[in-house]
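Try each task first, then read its solution.

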Amino acid sequence: MPDNSFCIREDVNLAPYNTLSVPGKAQKFVAISSQKMIVDVLHMHKNDAPFFVLGGGSNVLFIDDFNGLILHIAIMGKEVVREDANHIWLKVGAGENWHEAVRYCVDRGWGGIENLSLIPGTVGAAPIQNIGAYGVELEEAFELLTAVDLKTGKERVFKKEDCEFAYRDSIFKNELKGTVAVTDVTLKLSKSPEINSSYGAIKQKLKEENISDPTIKDISDIVIAIRNSKLPDPASLANAGSFFKNPIVSDEDFEKLKKDYNSIPGYQVDDHRTKVPAGWLIEQAGWKGKVVGRVGTYRQQALVIVNHGNATGQEILQLSKKIQQSVLQKFNIALVPEVNIVE
Ligand SMILES: Cc1cc2nc3c(=O)[nH]c(=O)nc-3n(C[C@H](O)[C@H](O)[C@H](O)COP(=O)(O)OP(=O)(O)OC[C@H]3O[C@@H](n4cnc5c(N)ncnc54)[C@H](O)[C@@H]3O)c2cc1C
């Protein structure tokens with residue numbers, strides 16, 4: 001029998017629970033290890049709302065203390081729930097570490113998520129922004145998720161078509177923002193994986209390492225190596241990865257920008273829109289590697305805002321606003337945060 005007893009702590013310091021390491025206190029905080037526990041907590045602590053669901057804290061910015069109850073999701077477990085000649089359906093607890101789940105699949109030859117190696121955080125948070133990297137997005141291997149509705153305490157199942165996945169976006173960042181706690185995610189993985197090496201840096205590395213017929217383990221190892229060389233490890237320099245989304249502009253606007261800035265990079269996303277790397281825009285606006293008090297942008301990648309030590313959420317928010325203003329002034333492009341700002 002699983003132990004469904006829980007302990008609600010008060011005045012919990014949030015710094016160890018977010019990779020930007022900003023301080024702030026949660027009025028109440030509870031570690032959740034089962035779906036039933038969520039239902040019980042909701043039932044017994046209705047008056048402690050608002051609730052906030054927290055995973056690994058690698059995509060949140062706490063601006064202040066949180067005056068409510070934080071549900072810290074630690075639901076574990078992996079189970080093959082279905083299998084046919086070509087696919088495996090793996091159900092994974094929302095509290096499992098995402099990268100460990102990727103390696104679990106890679107080790108067994110189950111393909112589809114190897115390009116998403118080393119993305120920090122939990123499995124339950126992965127659908128929230130439809131995590132993506134190196135030419136792959138979660139939605140490609142997503143089958144369904146189970147969640148608890150925080151208002152009713154009822155279980156809800158979301159299939160792929162219910163999630164409204166888009167670029168770093170889903171229904172859970174919009175219409176259903178803050179209203180559900182994901183308890184498990186089922187992935188559909190391939191037993192005879194197709195390798196996705198379309199991304200330039202992967203191609204380059206395969207060439208350097210003389211690998212002509214890569215396995216999913218090769219891809220995973222390469223992605224890990226690329227990421228380690230490009231992104232700061234939050235354990236040594238606090239950050240939340242890309243702070244902003246890459247803006248998507250109309251082809252017409254992109255052509256206008258190209259007239260003024262002929263080196264501007266752009267990637268066609270469909271017949272009439274182009275994605276522009278936010279890091280390039282921020283760098284051109286003069287922010288790369290800048291330090292402002294206790295915060296700044298990463299010296300190798302301007303898109304990553306870093307906490308150089310003991311900065312508050314307010315300081316990070318102020319810097320992000322200054323960056324947004326500069327980019328708006330210079331390029332007439334409004335940057336939208338990818339990080340979830342908790343006020
Ligand atoms: C160094 C670094 C590199 C990164 N690289 C990438 C990248 O390449 N691609 C990418 O897409 N992201 C990237 N990220 C962002 C981050 O890793 C992902 O968004 C990740 O999915 C967040 O997981 P988490 O558990 O830390 O979520 P948290 O930060 O805890 O939460 C993020 C959001 O999801 C919600 N949430 C979390 N868990 C649940 C749940 N169980 N149910 C309901 N809602 C939930 C929270 O309320 C919050 O709104 C990076 C971050 C860092 C620090």
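The exercises cover ring pairs, charges over rings, the ligand, backbone angles and distances.

The model is predicted: local features need pLDDT of at least 70, side-chain atom pairs count only at pLDDT 80 or more, and totals for chains, interfaces and linings use all residues. Residues are numbered from 1 along each chain as its sequence is written, and side-chain values use heavy atoms, with hydrogens and water left out.

**Exercise 1. Classify the ring pair of Phe-52 and Phe-66.**

Step 1: Recall what describes such a pair. A pair of aromatic rings is described by the distance of the centres and the angle of the planes.

Step 2: Set the cut-offs. Rings of Phe, Tyr and Trp (its six-membered ring) pair if their centres lie within 6.5 Å. Planes under 30 degrees apart count as stacked, over 60 as edge-to-face, and the rest as tilted.

Step 3: Count the pairs. The structure holds ten aromatic pairs.

Step 4: Apply the rule. The centres of Phe-52 and Phe-66 are 6.0 Å apart and the planes stand at 55°, so this pair is tilted.

Step 5: Helices (H or I, at least four residues) and strands (E, at least two) are DSSP runs, numbered from the N terminus. Phe-52 belongs to strand 3 (residues 51–54) and Phe-66 to strand 5 (residues 66–73), so the pair ties together parts that are 14 residues apart in sequence.

Step 6: Check exposure. Buried means under 20% relative accessible area, exposed over 50%, and partly exposed in between (1.4 Å probe, protein chains only). Phe-52 is buried at 18%. Phe-66 is buried too, at 8%.

Step 7: Look for a wider group. Ring pairs join Phe-52, Phe-62 and Phe-66 into a cluster.

**Exercise 2. Is the pair of Tyr-104 and Trp-110 stacked or edge-to-face?**

Step 1: Take the values. The rings are 6.2 Å centre to centre, with 70° between the planes.

Step 2: Classify. The Tyr-104 and Trp-110 pair is edge-to-face.

Step 3: Tyr-104 is partly exposed at 23% relative accessibility, whereas Trp-110 is buried at 13%.

**Exercise 3. Which ring does the charged end of Arg-82 sit over?**

Step 1: A charge sits over a ring if NZ of Lys or CZ of Arg is within 6 Å of the ring centre and within 35 degrees of the ring normal.

Step 2: Find the ring. The charged end of Arg-82 sits over Trp-89, 3.9 Å from the ring centre.

Step 3: Lys-275 lies over the face of Tyr-167, with 3.8 Å to the ring centre.

**Exercise 4. Describe the surroundings of the ligand.**

Step 1: Count the shell. A residue is near a molecule if one of its heavy atoms lies within 4 Å of it. The ligand is surrounded by 34 residues; the closest are Val-53, Gly-56, Ser-58, Thr-122 and Arg-227.

Step 2: Sort the shell. Its residues divide into 17 nonpolar, 14 polar and three charged. Here Ala, Val, Leu, Ile, Met, Phe, Trp, Tyr, Cys and Pro count as nonpolar, Asp, Glu, Lys and Arg as charged, and the others, Gly among them, as polar.

Step 3: Name the strands. Strand 3, strand 8 (132–133), strand 12 (180–190) and strand 13 (238–242) each supply at least two residues of the shell.

Step 4: List polar contacts (pairs of N or O atoms within 3.5 Å).
- A polar backbone atom of Gly-57 is 2.8 Å from a ligand oxygen.
- A side-chain N or O atom of Ser-58 is 2.6 Å from a ligand oxygen.
- A backbone N or O atom of Pro-120 is 2.9 Å from a ligand oxygen.

Step 5: The ligand taken alone exposes 980 Å², and the protein buries 93% of that. These areas come from the Shrake-Rupley method with a 1.4 Å probe.

**Exercise 5. How many Å separate the C-alpha atoms of Pro-214 and Trp-89?**

Step 1: Locate Pro-214. The loop between helix 3 (200–208) and helix 4 (216–230) holds Pro-214, which is buried at 13%.

Step 2: Give the distance. The two C-alpha atoms are separated by 23 Å, and the residues are 125 apart along the chain.

Note on methods
Polar contact = N/O pair within 3.5 Å; in protein donor to acceptor, adjacent residues only side chain to side chain.
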